[in-house]
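Student: I have not looked at this structure before. Could we go through it in questions and answers?

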Amino acid sequence: SFWQGYVVLLALAVVVKAESPYRFFDWNVTYGDIFPLGVRQQGILINGQFPGPDIYSVTNDNLIINVQNNLDEPFLLSWNGLQQRRNSYEDGVYGTTCPIPPGKNFTYILQVKDQIGSFFYFPSLAFHKAAGGFGGIRVLSRPRIPVPFLDPAGDFTLLIGDWFKNDHRQLKAMLDGGHKLPFPDGILINGHGPNGASFTVEQGKTYRFRISNVGLQNSLNFRIQGHKMKLVEVEGTHTVQTIYESLDVHVGQSYSVLVTMDQAARDFYIVASTRFTDNILSTTATLHYSNSNKAVSGPIPAGPTDQIDWSLNQARSIRTNLTASGPRPNPQGSYHYGLINITRTIKLVSSAAQVNGKQRYAVNSVSFVPTDTPLKLADYFKIGGVFRVGSIPDNPTGQNMYLDTSVMGADYRAFVEIVFENHENIVQTWHIDGYSFWVVGMNGGVWTPNSREEYNLRDAVSRSTTQVYPKSWTAIYMALDNVGMWNVRSEFWARQYLGQQFYLRVYTPVNSLR
């Protein structure tokens, strides 16, 4: 009968769920001449562009990115902040993915599953990150999911970062020779040096700026002359909408701000300058009102320089908007992370030392050395002798630094507390692939169990990259809900290259072809 057929069709409609859209990208990676600081350098270009093209996507989209490596050395791209759910082989770091040989291609198959927000991609091998090959990633909310602010009139990517005039091969050779790198030569905004980049806006309208620090080591302060910034999103989390006059963006971090063009028609400076450095590097771009006939003028607005307390207080003010939707319609505050029992506490302490007469960096005394076979493949195909689970301890041992392929084992669905402790006098930034985590606390001195009394267990920001201030600690909570082999690393790129990283093997005995 009609009704029986109707019920069958209705049942089929429930079962047959529409697949998420596919977006296809064809990227040709080459060397090319670039002049960001006025001298010719060999840059890494994607489809002839430096920086590379932006990736535009929507929650749950499938991204099919065919990368043709036309460099003369192996190459990989990694995707800072994209979680690669149950799919760490696509993560694009040396421990998970086979390098793309010269003249060959690899097609990344990514899904931005249950994610929104602002991220970036970068080249992960050798010291390629010092030559370009990076670009912005934006993941928009699906059409029916409420967003806690009106659609902006425009949406800009700003990739800021420190930069060397040295060729990436020279920098790598310095590190391979056991030396530290010199201080960088300048700051870039979207691949341009001072006054190179320009952003055209209309008076009276509001714009979104997605700011990522894609540099190699320095924290940067970001500000716009005469304008205030309303923070709305951090690495995939809608935040409490606090107003800032300037924002510290530590290396590897991403922020979204809304800026209303509420000034008289003229041009304004956009400024990025180094934090916590004796020699302060600074650069500018131009915010151009479309009806302006007046060039930028006046002193470049000053920002904070070495004030750590100022930065710490700003970091604590960045909190999750509990009532806003994230990638799904339910409010971000519906997951009560502060009520979950911690199953394990891991304390990670970074260090610097000489090993065999060469500069190295370590986590809990272990300085990471890569293997020829990606750890993810060795694990899946049960290739013995490549690495040992448990080759890095949960706590610092105080022993002298040594080299090993450090892999920490962890159980799928555990809920862990990780404390990053920084005994050094520089700001450090840590990133964990495959995850976002709640930054529940940070303070000066040494962490003790009593430090938990000052944790924010209600609306801490959830993100994938956190800073640890000098002689200070930062504590995070993380739900291990993503099986795989995940890179935990310093975003200070020379330290990462010389061993300040390891892999977290989140394991379940149930095998999956993915």
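Predicted model: local features only at pLDDT ≥ 70, side-chain atom pairs only at ≥ 80, totals over all residues.

Student: Which domains does the domain assignment give for the protein chain?

Tutor: The bounds come from an automatic or database domain assignment. For this chain the assignment gives domain 1 (22-136), domain 2 (154-317) and domain 3 (337-507).

Student: How much area do domain 1 and domain 2 bury between them?

Tutor: The C-alpha centres of domain 1 and domain 2 are 22 Å apart. Their contact takes 28 residues from domain 1 and 35 residues from domain 2. Of the area buried, 65% is on carbon and sulfur atoms. The total that domain 1 and domain 2 bury is about 2500 Å².

Student: Why does the largest cavity lie between two domains, and which are they?

Tutor: The largest cavity has a volume of about 70 Å³ and a lining of 13 residues, with Phe-134, Gly-161, Asp-162, Trp-163 and Val-214 nearest its centre. Strand β9 (residues 154-163) gives the largest share of that lining, five residues. Because both domains give residues to the lining, the largest cavity lies between domain 1 (22-136) and domain 2 (154-317).

Student: What are the classes of the residues in the lining of the largest pocket?

Tutor: The largest pocket holds about 1000 Å³ of space. It is lined by 38 residues, and the closest to its centre are Asp-114, Tyr-335, Ser-436, Trp-438 and Asp-481. By class, the lining of the largest pocket has 15 nonpolar, 15 polar and eight charged residues.

Student: From which domains does the lining of the second largest pocket draw at least three residues each?

Tutor: About 620 Å³ of space lies in the second largest pocket. Its lining has 24 residues, with Phe-183, Gln-217, Asn-218, Ile-426 and Phe-492 nearest the centre. By class these lining residues are 13 nonpolar, five polar and six charged. The domains that each give at least three residues to the lining of the second largest pocket are domain 2 (154-317) and domain 3 (337-507).

Student: Is Asp-176 buried, partly exposed or exposed?

Tutor: Asp-176 is part of helix α2 (residues 168-176). Its relative accessible area is 34%. Buried would need under 20% and exposed over 50%, so Asp-176 is partly exposed.

Student: Which residues is Asp-176 in contact with, leaving aside its neighbours within four places in sequence?

Tutor: A contact requires heavy atoms within 4.5 Å. Thr-237 is 61 residues from Asp-176 in sequence, and their C-alpha atoms are 38 Å apart in space. With neighbours within four places in sequence left aside, the contacts of Asp-176 are Lys-358 and Tyr-497.

Notes: Residues numbered from 1 in each chain as written. Heavy atoms only, no water. 1 Å grid on protein atoms, 1.4 Å probe; cavity = no way out; pocket = protein on both sides within 12 Å on 5 of 7 lines; lining within 4 Å. Points joined across faces, edges and corners; volume = space filled by probe spheres on them. Nonpolar A, V, L, I, M, F, W, Y, C, P; charged D, E, K, R; others polar. Helix = DSSP H or I, 4+ residues; strand = E, 2+ residues; numbered from the N terminus. Buried < 20%, exposed > 50% of the residue type's maximum accessible area, 1.4 Å probe, protein only. Buried area = accessible area lost by both parts, 1.4 Å probe.
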